[in-house]
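Here is a quick tour of one model, taking in how two of its chains relate and what a couple of residues are up to. Have a look at it first.

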There are 4 protein chains.
Amino acid sequence: MTGGIERVRKKREVHASVKDQKLIQRRRDEMIRGAVTLFKEKGFHRSTTREIAKAAGFSIGTLYEYIGQKEDVLYLVCDSIYDGVKEKLEEMNVNAGTIENLKLGIAHYFRVMDEMQDEVLVMYQEVKSLSKDALPYVLKKELEMVSMVEALIKSYMDHEHIDYRQQEVHILAQNIFVQGQMWAFRRWTLQKSYTLDEYIELQTNYLLSGIQMKAGDGK
Amino acid sequence: MTGGIERVRKKREVHASVKDQKLIQRRRDEMIRGAVTLFKEKGFHRSTTREIAKAAGFSIGTLYEYIGQKEDVLYLVCDSIYDGVKEKLEEMNVNAGTIENLKLGIAHYFRVMDEMQDEVLVMYQEVKSLSKDALPYVLKKELEMVSMVEALIKSYMDHEHIDYRQQEVHILAQNIFVQGQMWAFRRWTLQKSYTLDEYIELQTNYLLSGIQMKAGDGK
Amino acid sequence: MTGGIERVRKKREVHASVKDQKLIQRRRDEMIRGAVTLFKEKGFHRSTTREIAKAAGFSIGTLYEYIGQKEDVLYLVCDSIYDGVKEKLEEMNVNAGTIENLKLGIAHYFRVMDEMQDEVLVMYQEVKSLSKDALPYVLKKELEMVSMVEALIKSYMDHEHIDYRQQEVHILAQNIFVQGQMWAFRRWTLQKSYTLDEYIELQTNYLLSGIQMKAGDGK
Amino acid sequence: MTGGIERVRKKREVHASVKDQKLIQRRRDEMIRGAVTLFKEKGFHRSTTREIAKAAGFSIGTLYEYIGQKEDVLYLVCDSIYDGVKEKLEEMNVNAGTIENLKLGIAHYFRVMDEMQDEVLVMYQEVKSLSKDALPYVLKKELEMVSMVEALIKSYMDHEHIDYRQQEVHILAQNIFVQGQMWAFRRWTLQKSYTLDEYIELQTNYLLSGIQMKAGDGK
DNA sequence: TATGAATGAGCTTTCATTCAT
DNA sequence: AATGAATGAAAGCTCATTCAT
């Protein structure tokens with residue numbers, strides 16, 4: 001099912017009748033902004049193309065000048081959210097490898113998830129609606145993000161000369177990644193029990209205890 | 001959005017024209033079985049009521065003798081999956097409180113998630129399609145399941161006289177719970193890297209290191 | 001383009017959701033009747049599916065219970081017209097081989113074309129709108145009709161022991177066939193200049209002079 | 001429907017925003033050339049104005065500088081094809097009235113039909129799509145062409161002092177005219193059975209036998 | 001209780017036409 | 001004179017739901 005992910009390179013092409021690339025970018029941004037709001041509220045399937053066009057601020061005819069089919073909107077939205085998240089994550093470049101750095105990195109990731117929780121929610125509820133065609137492009141991006149988390153952990157472990165197995169670091173990265181999303185998609189329960197700061201502290205302590213135990217062993 | 005969860009008591013009523021309760025139960029079971037297969041493949045929105053009826057083995061007219069609207073099928077499916085999971089979890093009653101017991105409990109939960117991964121996937125991809133009306137009933141069940149995990153941890157901690165804050169145990173339970181689902185809904189990447197046993201071992205070690213560090217502190 | 005005609009055997013399948021074959025036949029007959037009237041006036045392309053449904057006396061939803069796509073209506077119409085023409089032609093079985101018989105046969109064909117001129121017109125204006133898929137089935141029927149005319153001529157020639165080349169009889173049959181249709185699709189000019197009887201007489205004389213000259217030669 | 005034909009005089013006006021008549025002519029020629037190719041392949045209704053513009057080598061905006069509505073393209077195309085056919089027919093001016101001349105004239109007409117069979121096909125498949133408004137202009141041209149054939153026959157008959165009724169010559173002209181078109185629009189069957197030369201010979205023999213029989217009677 | 005034909009609101013998508021640049 | 005982005009009416013088609021049998 002996902003065997004083709006590794007081979008995915010370029011972005012998926014979305015058909016546009018309009019030729020002006022600048023304009024395409026601008027209109028698609030408007031489209032995405034509107035669509036996120038809409039999908040947040042009603043989901044992709046319950047949103048009509050007319051509603052999407054309206055939310056974007058143009059007519060249905062114009063919408064179809066910039067996409068080939070309804071699904072393209074979903075792809076553009078997912079793609080854009082990933083880019084947004086990735087960009088925000090890259091803002092904070094933390095490679096020093098100290099324990100402080102690791103903590104900061106994790107906290108930063110959780111805060112990004114908090115800021116973009118609507119988008120994260122939309123994406124997580126809707127990716128599965130993407131066709132077999134578009135899915136790999138999005139999943140590839142997700143893996144890239146997990147890799148970023150992984151790099152952060154390795155940077156720390158290398159710096160501290162902690163011995164680790166690739167598998168362990170990988171699963172740890174996945175856990176952190178999912179716990180970040182959890183804050184968004186389980187907010188109906190989590191955000192009633194914890195503030196963001198509490199959540200960050202609890203999860204960080206917990207994550208680090210796992211890592212440091214290892215560190216204790218390793219030394 | 002979910003403020004009403006606590007007040008939810010009875011099951012949500014699903015309209016049926018037929019009176020015979022036994023028959024209702026039988027037909028709905030057939031319906032659910034067919035629907036799960038269908039939703040697994042095409043999702044709720046892309047499945048038509050005709051397809052659901054066919055998969056269940058009866059006519060569209062008959063389908064509507066046992067439900068009020070299409071969404072009811074989704075509700076029944078989600079409800080039934082939760083019941084299924086819960087039942088399986090309850091099969092293994094592990095309250096001894098020993099470390100072995102905790103490990104067994106966690107492993108058991110992960111194995112149940114593995115066995116029912118299709119169902120878990122369906123549920124996780126589709127709950128968001130439930131109306132405001134039906135959602136609370138389903139979320140309530142989810143909380144019950146988290147509570148089961150929580151109880152398992154507490155039982156261990158109490159037995160070991162480990163000091164803990166409610167908040168910590170709660171987040172731990174949520175983590176375990178989500179990690180179990182993760183095995184199902186991130187199988188596209190996880191199940192390429194790990195066998196179920198590896199996954200269980202890695203996650204258990206990791207979870208316990210967090211807990212035991214605590215234990216070390218506590219004593 | 002038409003290389004596949006010879007291999008066409010069964011009727012082209014037109015999708016129907018309804019199962020009752022009797023009902024399908026009845027509804028399709030209603031549909032065809034309405035559609036012919038409509039196509040006569042506006043042509044296939046300018047007629048909407050809603051108009052077709054209305055002309056047939058049922059809703060758009062019902063229309064699509066009996067066809068798979070709009071084009072199927074055109075196919076059914078063309079198919080039905082051919083069947084109608086063929087049936088009428090077969091009513092008069094003229095194989096005696098006398099000159100009187102030949103004349104009667106030709107006259108009968110022209111009269112059928114006159115009776116069904118609306119249908120003939122519709123078919124001639126719209127066959128080209130059939131997809132590559134459906135066209136062969138219709139062209140095959142046309143060839144069958146030309147063959148009927150051909151048989152009529154041969155029957156006469158054999159009876160009169162006239163020597164003929166296959167090619168000549170074939171082209172003669174094609175001419176008669178087309179002259180019959182001509183009465184319908186050039187009615188805007190022909191029917192202003194001639195009554196049907198005049199037309200029949202003129203064309204018959206003309207056709208026979210060609211044949212009989214041959215006969216004179218042959219003897 | 002066609003009662004107005006006789007009163008049709010000037011060409012139908014097609015709206016143009018551009019003033020320069022030379023330019024209009026040039027652009028329309030480009031347009032017609034492109035459109036014929038397009039209509040040949042997909043028909044008028046299935047061709048979009050964008051495609052027409054593209055095939056003509058200019059933008060959709062420019063297209064509408066030279067026509068008022070889509071249908072005008074069809075009118076221009078039909079009109080142009082008629083002009084083309086007529087021009088070719090007039091190339092060979094055969095009025096000598098001899099039997100040779102008649103044969104040559106008929107053969108020439110058939111050869112023109114063969115050369116322009118794509119155009120003939122397009123025209124015959126699409127005239128019916130012309131509005132009530134434009135049709136008379138085109139039908140008038142058709143009658144003119146039938147008259148040319150008629151003149152050819154009369155010229156022969158007069159020269160040979162053959163007695164004829166107007167009606168007979170008229171129907172004969174119509175037959176020849178239609179047989180020429182037949183070569184184009186029934187090519188799917190005719191051109192598999194005959195070469196053009198065979199077709200010409202067969203039809204000519206046949207036509208002449210009718211005429212000469214008459215001649216024999218007449219004397 | 002079971003059936004499936006009938007319905008029509010509503011969906012996605014197209015495309016002739018306009019008009020500011 | 002030329003362009004092409006914008007428009008929205010209208011098209012084909014689907015499908016949840018009803019109801020007579």
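## Ground rules

Helices here are DSSP runs of H or I with at least four residues, numbered from the N terminus. Keep in mind that this is a predicted model.

## A loop residue in chain C

Buried or exposed, then, is C:Ile162? Its relative accessibility is 8%, and the cut-off for buried is under 20%, so C:Ile162 counts as buried.

There's a longer-range pairing to check here too. C:Ile162 and C:Ile211 are 49 residues apart along the chain, and 9.2 Å separates their C-alpha atoms.

## A helix residue in chain C

Now over to C:Thr49, which sits in helix α2 (residues 49-56) of chain C. C:Thr49 is buried as well, with 18% relative accessible area.

What does C:Thr49 touch, if you skip the neighbours within four places in sequence? Its contacts are C:Ile60, C:Leu63, C:Tyr64 and C:Lys70.

## How chains A and B relate

Two copies of a chain are related by a rotation about an axis plus a shift along it. For chain B onto chain A, the turn is 179° and the shift along the axis is 0.1 Å, giving an RMSD of 0.2 Å. So what you have is the relation of a two-fold axis. In chain B, the C-alpha nearest that axis belongs to B:Gly210, 2.6 Å away from it.

Note on methods:
Residues numbered from 1 in each chain as written. Chains lettered and ligands numbered in written order. Predicted model: local features only at pLDDT ≥ 70, side-chain atom pairs only at ≥ 80, totals over all residues. Heavy atoms only, no water. Buried < 20%, exposed > 50% of the residue type's maximum accessible area, 1.4 Å probe, protein only. Least-squares fit on C-alpha atoms with pLDDT ≥ 70 in both. Helix = DSSP H or I, 4+ residues; strand = E, 2+ residues; numbered from the N terminus. Contact = heavy atoms within 4.5 Å.
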